[in-house]
Amino acid sequence: MAGPKTPPYYSPTYKRNGANYPSSPHSIRINLYTLAIAITVLCFIAYLIGRGSISASPVSNVPATIPCIPLKITSTTAVSNNSSASTSREVDFSASQGGDEGAGSDYSVKVYPPCDIKYSEYTPCEDPQRSLKFKRDRLIYRERHCPDKSQLLKCRIPAPHGYKKPFKWPKSRDLAWYANVPHKELTVEKAVQNWIRKEGDKFRFPGGGTMFPNGADVYVDDIDKLINLKDGSIRTAIDTGCGVASWGAYLLSRDILAISFAPRDTHEAQVQFALERGVPALIGVLASKRLPYPSRAFDMAHCSRCLIPWDQEDGAYLMEVDRVLRPGGYWILSGPPIRWRKYWKGWERTRDDLNGEQTRIEEVAKKLCWKKFVEKDDIAIWQKPYNHFQCKEQKKKLMCPAQDPDRAWYTELETCVTPLPEVSSEEDVAGGELEKWPKRLHAVPPRISSGTVNGVTAESFEKDSQLWQKKVSYYKSVDNKFNQPGRYRNLLDMNAYLGGFAAAWVDDPVWVMNVVPVEAEVNTLGVIYERGLVGTYQSWCEAMSTYPRTYDLLHADSIFTMYKDRCEMEDILLEMDRILRPEGSVIIREDVDILVEVKKIADGLNWDTLIVDHEDGPMEREKLLFAVKSYWTAPATQDSKNTTSPRI
């Protein structure tokens, strides 16, 4: 792809060498004379107060809330929509924030060096070396185990030499650059199953899988013949043990959004391949902890020979699927033990063993009040009940005690059934019935209409949606890269609240991972899923369960305010740098004082940065930082010279 100076693939938002940022009607503009007079008056008042020349009065509070920042004011020429020229003034923050030309300022930048190439695929909380210290029982060693503060890296994770900008969607579904994920293991281990092939300097994903030799597209069509995937009733899905996420990739063309997960294991870089393809995925495993999703989140759950022992641990793993599955939702299983009479020899297991496993799965399903919906050929499907109205026995024996069913951050799995919200009749849908997609996106979610989300009403939900439409429209007007189809694919909203940011992008060829921080005052992730969007819980004092370079755009609204007294700003920004692709973009919304500190660290990360006004104008203290991560890679090694081609 194009190099750093060739549009439209790279367009830095701010150059510290003094180059002009592309003219934008939304850079921080104000009237020169109004600003000069206002700042002069305020600073003069503050000076007099400091000398005792003015007695204490309400005016004395002004300097405490509006600091006298020495701003460098430059003239620009803006062209209106009718092409007539008009003169405006642009505030250049470089004087107060430490641009290279700001000689004599106290602005100092801590430079963060590159990490060693051995950290190119570093996933801090799933580090294979650290995992060896934990129990192998129930795959606990493959769960999240994060480094402590003294072990955090203070360097920038390098991209492999020869790294290239990924193919645009939908081409990326089928192709990826070998240099970006230089692993051949799956091409050998899964060659017969047609997961992935290496073709010169590229990988090709034919869509094959262990249980769908004719391709994922045909496999999804087979499921569609059994349950309706076209009418909008199924929108969110979860794929456990996803491989390279071909099932989720082919659901996207049917307007179904699937989160895929797999552990970091001997099948190297499964999740990394999925995200390189532009498909939602996280590193994860069903072990001893709940999955990081709220209850009643997914319309459909899927396992195609995912190797999870569903019949073991007293059914705990199926009970966790039940927790995250929406009332009326489907669980799909293909692979052992389904159709064991045909495949038992190839699976190298006895008939009795496989028959016993299927019998135990059926027994757990009955305990959950699931009904066997259909079993045909290689696919079996169960359906969760719409309510627990008739589950008398489960209410007495198996229901979990009083708990928060949405709590799912380092929360232990339990061998009990998560109770559904009460209903008044057996025809009611527990928790409320959802609209079909796409109406679901803008309909008031049942969690809000029922009053179970503290402080959020139907009116405030609709207002929030309208506000984010305005904000995202503003982003696109500030930076024209956001208007280029295919320029971005994987988006991450680090503080998603009600999912308004993601909803505003619904007509673009992107998907958004909505994060609700575990430190947020209100848990809103259930609302996001009820809108037909996907997301996860996360504490930004820790690393995310994803590989480096897996997101094209990071959006951070008030993150540094939230974590001000919890963890270090530089560690959050280093994590953002780790998961952001070279030439990827960042949008940060914060109070101007915090944003100045953020910019110092961003400059040390070698990001190109620009601070611009709030969409409501220059008098708002909240400002926005637009940034672009520079393109850089690890130096060439002999191996990389032999296996990669020049960046194009």
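1. M576 touches M494, L554, A556, F560, V586, I588 and W607, leaving aside residues up to four places away in sequence; a contact here means heavy atoms within 4.5 Å. M576 and W310 have the most contacts inside the largest nonpolar core, which has 133 residues. Such a core is a set of buried Ala, Val, Leu, Ile, Met, Phe, Trp, Tyr and Cys residues joined through side-chain atoms within 4.5 Å. A second, separate core of 10 residues includes A176, Y178, F203 and A269.

2. This is a predicted model, in which local features need pLDDT of at least 70 and side-chain atom pairs count only at pLDDT 80 or more, while totals for chains, interfaces and linings use all residues. Residues are numbered from 1 along each chain as its sequence is written, and side-chain values use heavy atoms, with hydrogens and water left out.

3. The chain has 21 helices and 19 strands, taken as DSSP runs numbered from the N terminus (helices: H or I, at least four residues; strands: E, at least two). Of its 648 residues, 56% count as buried, that is, under 20% relative accessible area with a 1.4 Å probe, protein chains only. Among contacts with a separation of 6 or more, 70% come from residues 24 or more positions apart.

4. Helix α9 (residues 316-324) is largely enclosed by the rest of the structure, because nine of its nine residues are buried.

Conventions:
Buried means under 20% relative accessible area, exposed over 50%, partly exposed in between (1.4 Å probe, protein chains only).
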